[in-house]
Amino acid sequence: MPVRFPDLAFLRRAACLALGLALAACASHTTPQAPVLSRGNQQCLAEIDKLGVQYKVEPMGASAGPQCQIDNPIRVSAATIPFSRPTVASCAFVLEFDKFEREIIRPLAVKTFGHDLKTIVHFGAYNCRATKAGRESEHAHGMAMDVAGFELTDGTMISVKHEWNERGKKRDFLRAVATKACGYFNEVLDPDSDRDHVDHIHLDLGRWKYCIHR
Ligand SMILES: [Zn+2]
């Protein structure tokens, strides 16, 4: 008795079905998933909610790769003070940055210039990259931010690039911010640290402890 083979149309349908299932499986790996928050992460979000931080929970897709995962990622447009543009960071970092703004930067701005802060000017927080020295950057985990300057409520701009070495109140303010930052962050790098930081102050909550002003 001859063996019957399925016709071509059937084979094509079966192949498409298998391919469809495979694609669906692939898609489920690359589509950002809603994070399952640990108790600590939920607590962090509850705290920044109370503080009035403006943010959205940021989905982390597998496309970011294991080297560039953030614990509890959020896209922030304002902590106590609005950012010059929204940026992605870990909730834990934003919580500490918000505290630093409230306890140090804002009072220091009012004391030095007689005006509060309007904007934190920055070059970004999350960035999937290594440092120039080849080690893992804390930016790759959303645990660092590069602060380029500040805008006051009267429109005055204070720039790390332009004012760090110019005698006057702006320089004193920037240097005081960098020095005080050592009490909040693990690593603080500024124009006095190296040539990679001539135009910003790097603040991070990573594993390395380094702060030339401590
Ligand atoms: Zn940096």
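I take helices (H or I, at least four residues) and strands (E, at least two) as DSSP runs, numbered from the N terminus. I am working with a predicted model, where local features need pLDDT of at least 70, side-chain atom pairs count only at pLDDT 80 or more, and totals for chains, interfaces and linings use all residues. My residue numbers start from 1 along each chain as its sequence is written.

**Entry 1: end of α2**

The 13 residues should span 18 Å, and the end C-alpha atoms are 19 Å apart, so the two agree.

**Entry 2: the whole chain**

I counted five helices and nine strands in the protein chain. Along the sequence I read the pattern α-α-β-β-β-α-β-β-β-α-α-β-β-β. Of the 214 residues, 29% are buried (20 or more other C-beta atoms within 10 Å of a residue's own; exposed means 12 or fewer, partly exposed in between, with C-beta atoms placed from the backbone). I also looked at contacts (C-beta atoms, placed from the backbone, within 7 Å). Among those between residues at least 6 apart in sequence, 55% join residues at least 24 apart.

**Entry 3: α2 against α3**

A note to myself: two packed helices are described by the angle between their axes and the distance between the axes. The axes are lines fitted to C-alpha atoms, for helices over the stretch in contact, and angles run from 0 to 180 degrees between N-to-C directions. The axes of α2 and α3 come within 9 Å and cross at roughly 35 degrees. I noted the crossing of α2 and α3 as left-handed (the near helix is turned anticlockwise from the far one by less than a right angle; clockwise would be right-handed). From α2, N41, C44, L45, E47, I48 and L51 meet C91, A92, V94, L95 and D98 of α3. I sorted the residues of this contact into eight nonpolar, one polar and two charged (Ala, Val, Leu, Ile, Met, Phe, Trp, Tyr, Cys and Pro are nonpolar, Asp, Glu, Lys and Arg charged, and the others, Gly among them, polar).

**Entry 4: α3 against α5**

Helix α3 (residues 91–113) packs with helix α5 (residues 169–181) at an angle of about 160 degrees, the axes being 11 Å apart. I therefore call α3 and α5 roughly antiparallel (over 145 degrees; under 35 is roughly parallel, 65 to 115 roughly perpendicular and the rest oblique). The crossing of α3 and α5 is right-handed. The contact includes F100, I104 and L108 from α3, and F173, A176 and V177 from α5. Its residues divide into ten nonpolar, one polar and three charged.

I found N72 in the loop between β1 (54–57) and β2 (73–78). N72 has a positive phi of about 60 degrees, although it is not a glycine. N72 counts as buried because it has 24 C-beta neighbours inside 10 Å.

I placed Q54 in strand β1. Q54 has 14 C-beta neighbours inside 10 Å, so it counts as partly exposed. Its C-alpha atom is 5.1 Å from that of A78, 24 residues apart along the chain.

I found R129 in the loop between β4 (117–124) and β5 (144–152). With 12 C-beta neighbours inside 10 Å, R129 counts as exposed. Leaving aside neighbours within four places in sequence, R129 is in contact with S137, H139 and A140.

Conventions:
Contact = placed C-beta atoms within 7 Å. Expected span 1.5 Å × (residues − 1).
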